[in-house]
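Here is a short note for a colleague who is meeting this structure for the first time. The points are numbered so that each can be checked against the view below.

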Amino acid sequence: MLALKLFWAFFKIGAFTFGGGYAMISMVKNALVDKNKWMNEDEFWECITLAQSLPGVFAINMALYTGFKISGKSGAASAMAGAALPSLIIIVIIAAFIENINGYQTVKDIFSGIRPCVIALILVPGLTMLKKAKLTKQTFWIPVLSCVLVCFLGVSPVYIIIAAILAGIFWAKTIINKTSEKK
Amino acid sequence: MIYLQLFWVFFKIGLFGFGGGYTMVSMIRMEVVDNYTWMSAAQYADLLALSQMTPGPISINAATYVGFTQAGILGSILATMSLCLPSVLLMGLVTALFFKHKESPFVKKPMEIMTPVVAGLIIAAALMMCDKESFTSVLSFIIFAGTAAIHYFFKTNPILLIIIAGVLGWLNGIFFPMQ
């Protein structure tokens, strides 16, 4: 039953995601954490970090990890199916029947309203996550640097993610070395 | 044959693409336009516009569309599933490692660094969308500020906010048509 509810929650989200996977974050949080309380906020941000740290479609990863956390393998499968299915249905219909969707003035008008809304919906969870990261004087430069590198210098996020993971492993290693020296 | 090619192209992209939809979209372009010449650059630009205008993750939309143009409905289903498959396979590996060794420093420390990095990447994604096309009028700024405030303070369902924003944009187009 929970798997079915998860499917439906993600299906609704998939049907209203404009502007890519990041726009889904606020919706997924609203559905899973705020509304249904299937997981707490810390667990949610952990899933987001995992989803972004791994290759693959971010939205699909997010569905997989939150779904798994809530209801195991069946939860992961139904969340993923729910997230991908609206795209599949809508694109097939449009590709089969509509010649040029950009040509309609009404579509343009609706998107002129949706675009700024989606930017805000991406920015807010970004800032919330920043708060959750509990930054100190030593670490506040990490998000600033990664943001500047991607946004203004055009660096691919891939390199930043790999560098961050390697730095984390190196950090863990120095900690382990230190504790073994003490012994 | 085309099915095998579709599977291979999108499986590769699903496996090596990370960092959000926009990096994947350029990988798809490389395969679809340059490598396999399934479509022209102009056709791909149309596909991209369509993928952004229709709901759903952009890379899933693009995969579905490419699959459909090459091999019909079956092709679109195959392309989408191939794109998701690496995530599913990796997930088996990660859940076995991550959830079991959560307390290990080799999991904890990378996660501690990744959290602020991901926050920075998400904010970057929002900033990169702030262009002239997104902020066309005063209304755009009102919608942006209104959405941010309402979503932050009242935890309103974003789906509702998107519908309201779409209706506002539509009404604005009716009453104040741009020249």
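1. Lys155(B) sits in the loop between α6 and α7 of chain B, and its phi is near 50°, a positive value in a residue other than glycine.

2. Turning to the contact between the chains, chain A contributes 90 residues and chain B contributes 86 residues. On the side of chain B that touches chain A, at least two residues come from each of α1 (2-16), α2 (21-35), α3 (41-53), α4 (58-98), α5 (105-128), α6 (138-154) and α7 (158-175) of chain B. The residues on that side of chain B comprise 54 nonpolar, 29 polar and three charged.

3. One helix pair that deserves a separate look is formed by α5 of chain A (residues 105-132) and α6(B), which pack at an angle of about 35° with their axes 8 Å apart; the crossing of α5(A) past α6(B) is right-handed. From α5(A), the residues that meet α6(B) include Ser112(A), Gly113(A), Pro116(A), Cys117(A) and Ile119(A), while among those they meet in α6(B) are Ile143(B), Phe144(B), Thr147(B), His151(B) and Tyr152(B). In the contact of α5(A) with α6(B), 11 residues are nonpolar and five are polar, with no charged residue.

4. As to confidence, chain B has an average pLDDT of 88, and 96% of its residues score at least 70. Which elements of chain B have the lowest and the highest mean pLDDT? The lowest mean, 80, belongs to α3(B), and the highest, 93, to α6(B), the helix that packs with α5(A). Where pLDDT is low, the predicted coordinates should not be read in detail.

5. For the complex, the predictor gives an ipTM of 0.85 and a pTM of 0.85.

Key: Residues numbered from 1 in each chain as written. Chains lettered and ligands numbered in written order. Predicted model: local features only at pLDDT ≥ 70, side-chain atom pairs only at ≥ 80, totals over all residues. Contact = placed C-beta atoms within 7 Å. Helix = DSSP H or I, 4+ residues; strand = E, 2+ residues; numbered from the N terminus. Nonpolar A, V, L, I, M, F, W, Y, C, P; charged D, E, K, R; others polar. Axes fitted to C-alpha atoms, helices over the stretch in contact; angles between N-to-C directions. Left-handed = near helix turned anticlockwise from the far one by under 90°. pLDDT = per-residue confidence, 0-100.
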